[in-house]
Amino acid sequence: MILKIVKYPDPVLSKPGEPITEFNAELRKLAADMFETMYAGQGAGLAAQQVGIAKRLAVIDLSSGKDPAQKLVLVNPEIISHEGRLYETEGCLSFPDIMEKVVRSAKVRVRAQDLDGKWFEMDGEELLSRCFQHEIDHLDGMLFIFRMSALKRDLVLRKIRKMQREGTW
Ligand code: ZN
């Protein structure tokens, strides 16, 4: 089922997610719906906050649904180490048509649970590293505009306000 994607400035996007403690059918259904929603929106990652649920669950697929082996579900994820620096353009499904450069770590190691509650660790570099950081930020209630320079953020917020006035946001 395709869920409604919540757009900035919906307050749920600023809410830190509650840890997930029950690994049941409901959680599986939510993760499956989030993949479907993410593919429909042509995104590479989606956090539960973006479908209006402040819980620590995110899905990632850098293949856009073409390669099932690249589907990643992160339950209660955390970054346990990071190194290097990247400065690349990012977008976010909660900020349609906004693309800006953001500073991220080049490489991160993530610890998370899968849908059965089993803990695993995984390294991400380049695009995957950025995706991990972007989605885990969402779970902490942190948005990518707050990783931009103040100047860029002001420009983006002004653009959004203009679109809101025009009824196109
Ligand atoms: Zn996002």
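Donors to a metal are taken here as N, O and S atoms within 2.8 Å of the metal, and water is not among the atoms, so sites may look incomplete. In this predicted model, the zinc ion is coordinated by SG of C92, NE2 of H134 and NE2 of H138, at 2.0 to 2.2 Å. Along the sequence, these donor residues follow the spacing C-x41-H-x3-H. C92 belongs to strand β4 and H138 to helix α2 (residues 126–139), so the pair ties together parts that are 46 residues apart in sequence. C92 counts as buried because its relative accessibility is 10%, and the cut-off for a buried residue is under 20%. H138 is likewise buried, at 1% relative accessibility.

Strand β4, which spans residues 86–92, also contains E88. The relative accessible area of E88 is 36%, so this residue is classed as partly exposed. On the surface, E88 gathers with E83, E125 and E126 in a patch of negative charge.

Salt bridges were examined next. Side chains of opposite charge can pair when their charged atoms come close. Over the whole structure, 11 salt bridges are found. One of them joins the side chains of R104 and E90, with an N to O distance of 2.8 Å. This pair links distant parts of the chain, since R104 is placed in strand β5 (residues 95–104) and E90 in strand β4, 14 residues apart. Both R104 and E90 are buried. E90 and R104 are also members of a network of salt bridges that includes D137 and R147.

A salt bridge is also formed between E100 and K152, whose closest N and O atoms are 3.8 Å apart. E100 is located in strand β5 and K152 in helix α3 (residues 150–166); the pair therefore ties together parts that are 52 residues apart in sequence. E100 is partly exposed, with a relative accessibility of 21%. For K152, the relative accessible area is 21%, and this residue too is partly exposed.

In a further salt bridge, E121 is paired with R109, and the closest N and O atoms are 2.8 Å apart. Here the linked parts of the chain are strand β7 (residues 119–125), which holds E121, and strand β6 (residues 107–113), which holds R109; the two residues are 12 apart. E121 has a relative accessible area of 43% and is therefore partly exposed. R109 falls into the partly exposed class at 27% relative accessibility.

Backbone geometry was considered last. Most residues other than glycine have a negative phi, and most peptide bonds are trans. Y8 and P9 are joined by a cis peptide bond, with omega at about 5 degrees. P9 is placed in the segment before α1 (25–40).

Positive phi values occur at Q42 and N76, neither of which is glycine. Phi of Q42 is near 55 degrees, and Q42 is situated in the loop between α1 and β1 (45–47). With 74% relative accessibility, Q42 counts as exposed. Phi of N76 is near 50 degrees, and this residue lies in strand β3 (residues 72–83). The relative accessible area of N76 is 10%, so N76 is buried.

Notes:
Residues are numbered from 1 along each chain as its sequence is written. This is a predicted model: local features need pLDDT of at least 70, side-chain atom pairs count only at pLDDT 80 or more; totals for chains, interfaces and linings use all residues. Side-chain values use heavy atoms; hydrogens and water are left out. Patches are made of residues with over 30% relative accessible area and no salt bridge: like charges are joined within 9 Å, nonpolar side chains (Val, Leu, Ile, Met, Phe, Trp, Tyr) within 5 Å. Accessible areas come from the Shrake-Rupley method with a 1.4 Å probe; for residues, only the protein chains shown count as cover. A salt bridge is a side-chain nitrogen of Lys or Arg within 4 Å of a carboxyl oxygen of Asp or Glu. Lys and Arg count as positive and Asp and Glu as negative; His and the chain ends are not counted. The place of a charge is taken as NZ of Lys, CZ of Arg, CG of Asp or CD of Glu. Helices (H or I, at least four residues) and strands (E, at least two) are DSSP runs, numbered from the N terminus. Buried means under 20% relative accessible area, exposed over 50%, partly exposed in between (1.4 Å probe, protein chains only). Donors are N, O and S atoms within 2.8 Å of the metal (3.2 Å for Na, K and Ca); water is not among the atoms, so sites may look incomplete.
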